[in-house]
Structures are given as structure tokens and as C-alpha cells.
Amino acid sequence: MSNNTQIPAPFMIRENINDLIAFAAVAEERSFTRAAARLNVSQSALSHTIKGLEQRLGLRLLTRTTRSVAPTIEGEDLLATLNPCFEKIENRLQALNDAQDQPTGTVRIVAVEYAIESILWPKLSPVLKKYPSVNIEFVMDYGYTDLAASQCDAGVRYGDQVSEGMIAMRIGPDERMVCVGAPEYFKEMGTPQVPQDLSDHRCINLRLSTHGALYAWEFEDKDGNEINVKVKGQACFNTVNPVMQAATDGHGLALIPERLAQSRLDSGALQMCLGDYSPYFSGFHLYYPSRQRPSSAFSVVLEALRERG
């Protein structure tokens, strides 16, 4: 090794610890974009950091193409050395944090509006009152949010939509989507008997933020065959509560969670149709990365959200 790379170890660690953390993040994520989101820095700053580290070491740690990033042999060797050290430090810091009398920290959870209102807030509101050092940030999003990119600790999806590589924990009962409308709408337009009849009805659409597409209404016949129907109407929203209100106001039919509509069904403000074509499916699950070590605040949140029967 040349003289200009022979930096005393204590100096190297003190001066370059943040750069080593940055390298480990890029090597693990295999992406400058995801690593930058994880570290809350810009991609250009992260790239500059890695280049500076490589220059000081006199080694190339990452191979970069337009589509991928991967550690070199030297990079893999350095990562294998760093990870146990970082894990040991994190475990010790976590142990010190857990030793406190009160859980501390911030937990960011991304979910749809309905999940926040019906499950997350009712279960987590008492947590905020009990633990004043715990902060919870609710991020509303109808798309399939990347947790690392959004800097969220966990997300909420229906059980059949959770990605591989994630820990999933049920936090709500099974659900079903039901077709509803106001009594005056059915009096004026009649009641659809099969999902295909919806093409002759005014319907209230929901636009999904991930793809920008309108949500295709999903049904199932008695033999378990899926029936997807694209509906049309004058009104369209990107959250579900206004969809329910528009249906209540008589603007057309809506497909919404039955539990959300239940109070209006009970009062008669809404009526259900096509119930035989509305199957139950796995309810809301909290998901988070399998490699994530729960903080004291996150552990409290998990315990509060866990579905019990």
C-alpha cells in the first residue's frame, strides 16, 4: 500500500465513520436513490461522499452502471467487516435506550385514510397519552409506498398485498368491499343484479396514486371467479371518505369497505347491493423490514396494534 493510504487507524475511524456508514447503506440497498432516502441526504452529496472515501482508501468499493450499484470484492470485504461492528454498536445503543423507564422515539407509519381513522388512531391514541416521549407520524398514501424512500418505519396494507421480505402482522379483522348507494338513487335508477349491470349506472370512482389509474371494482361469483368492472361516472376522488359522501348525496354507486359504511347502512342513509358478489379478504396488516430492529417506541406501537382475536 502506498504511503498516502497509510492513515493511522484511530484517525481514520474518527474522521470517516459517517462515510463508512454511507458506504454500507449504498452497498446494502444496491441503489444510491434508496440509500440517500435512508440517510436523508441528496444523491449528489452521497455520491461525493463515496468518491472521497474511495480516494482516501485508494480502493474502488462500488461498481456503478446506469441500472445498478454493487460492491467490488474489496467493497464486499469491507462491508463484511463493518456490519458486525455497526450491529454491535446499534444493539448496545438499543439496550441503553430500552433501559430507560419510558419508551422514546418517533415512529412513521404510512397507510390509507380509512386504516388511519378506523384502526391506527383508535389503537395508538392511548399510546401517545401513556408515553409522552413517543411520537407517531401518520402518512396518508393510497400508493404502494417504498418504506425506505419515504423514510417510514412501517406501512399498512391488506394482507394479500404485503411484499416479500417484510414482516407482516395482522392489525384488523377480515374486510370486504361492498357496493352502496343512497335510497333515492336506487329509486331513480334501479338496483344492479350482477356486477356487469354497473355499466348502466353512475358510479363514483377512486383514482389510485401509484399508477394514476382508476380503481377497477372487484367482485367474485359463487364459484370463486374474479369479476373486475371498470365503472364510469361524473365524480372521482383519490381518498375513500369523499367517495362515501358522494354516494350518500345520491351522485351514484360506490364500492367502499363495509365497516366504513356500516353506520350509514344502519341508519338507512346508504343501502347495499350485489352483496352476494362481495367476498371477504384478509384485513389490514402492519408491515416493516425483516432486518429492522424495533426501537422501544416501535415495540410499544407493535404491541398496541396487534390484533387479538
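Biologist: Axes are lines fitted to C-alpha atoms, for helices over the stretch in contact, and angles run from 0 to 180 degrees between N-to-C directions. With that in hand, at roughly what angle do the axes of α5 and α10 cross?

Modeller: They cross at roughly 130°. The axes come within 9 Å. Helix α5 covers residues 113–130, and helix α10 covers residues 296–305. That makes α5 oblique to α10. As for the cut-offs, under 35 degrees is roughly parallel, over 145 is roughly antiparallel, 65 to 115 is roughly perpendicular, and the rest is oblique.

Biologist: What kind of model is this?

Modeller: This is a predicted model, where local features need pLDDT of at least 70, side-chain atom pairs count only at pLDDT 80 or more, and totals for chains, interfaces and linings use all residues. Residues are numbered from 1 along each chain as its sequence is written, and side-chain values use heavy atoms, with hydrogens and water left out.

Biologist: Back to that helix pair. Which residues in α5 meet α10?

Modeller: On the α5 side they are L120, K123, L124 and V127. On the α10 side they are V300, V301, A304 and L305. Contact means heavy atoms within 4.5 Å.

Biologist: Let's zoom out. How many helices and strands does the protein have?

Modeller: The protein has 10 helices and 14 strands. Helices (H or I, at least four residues) and strands (E, at least two) are DSSP runs, numbered from the N terminus.

Biologist: What percentage of the residues count as buried?

Modeller: Of the 309 residues, 41% do. Buried means under 20% relative accessible area, exposed means over 50%, and partly exposed is in between (1.4 Å probe, protein chains only).

Biologist: And contacts? Among those between residues at least 6 apart in sequence, what percentage join residues at least 24 apart?

Modeller: For the protein, that figure is 73%.

Biologist: Now α8. How many of its residues are buried?

Modeller: Seven of the nine. The buried residues are V240, N241, V243, M244, A246, A247 and T248.

Biologist: What follows α8?

Modeller: G250 does. This glycine has a positive phi, near 85°.

Biologist: How do α8 and α9 lie, parallel or perpendicular?

Modeller: Their axes come within 11 Å and cross at roughly 25°. α8 and α9 are therefore roughly parallel to each other. From α8, the contact uses V240, N241, M244, Q245 and T248. From α9, which is residues 258–267, it uses L260, A261 and R264.

Biologist: New topic. Which residue takes a positive phi just after α2?

Modeller: N40 does, at about 60°. N40 is not a glycine. This residue sits in the loop between α2 (32–39) and α3 (43–57).

Biologist: Is N40 buried or exposed?

Modeller: Exposed, with a relative accessible area of 55%. Within α2 itself, F32, A35, A36 and A37 are buried.

Biologist: Where is S278?

Modeller: S278 is in the loop between β13 (271–273) and β14 (284–289). Its relative accessible area is 6%, so S278 is buried.

Biologist: What is S278 in contact with, leaving aside neighbours within four places in sequence?

Modeller: Its partners are R176, M177, V178 and F219.

Biologist: Last stop, I21. Which helix is it in?

Modeller: I21 is in helix α1, residues 9–29. At 34% relative accessibility, I21 counts as partly exposed.

Biologist: What does I21 touch, not counting residues up to four places away in sequence?

Modeller: It touches L39 and F86. I21 and F86 are 65 residues apart along the chain. Their C-alpha atoms are separated by 8.5 Å.
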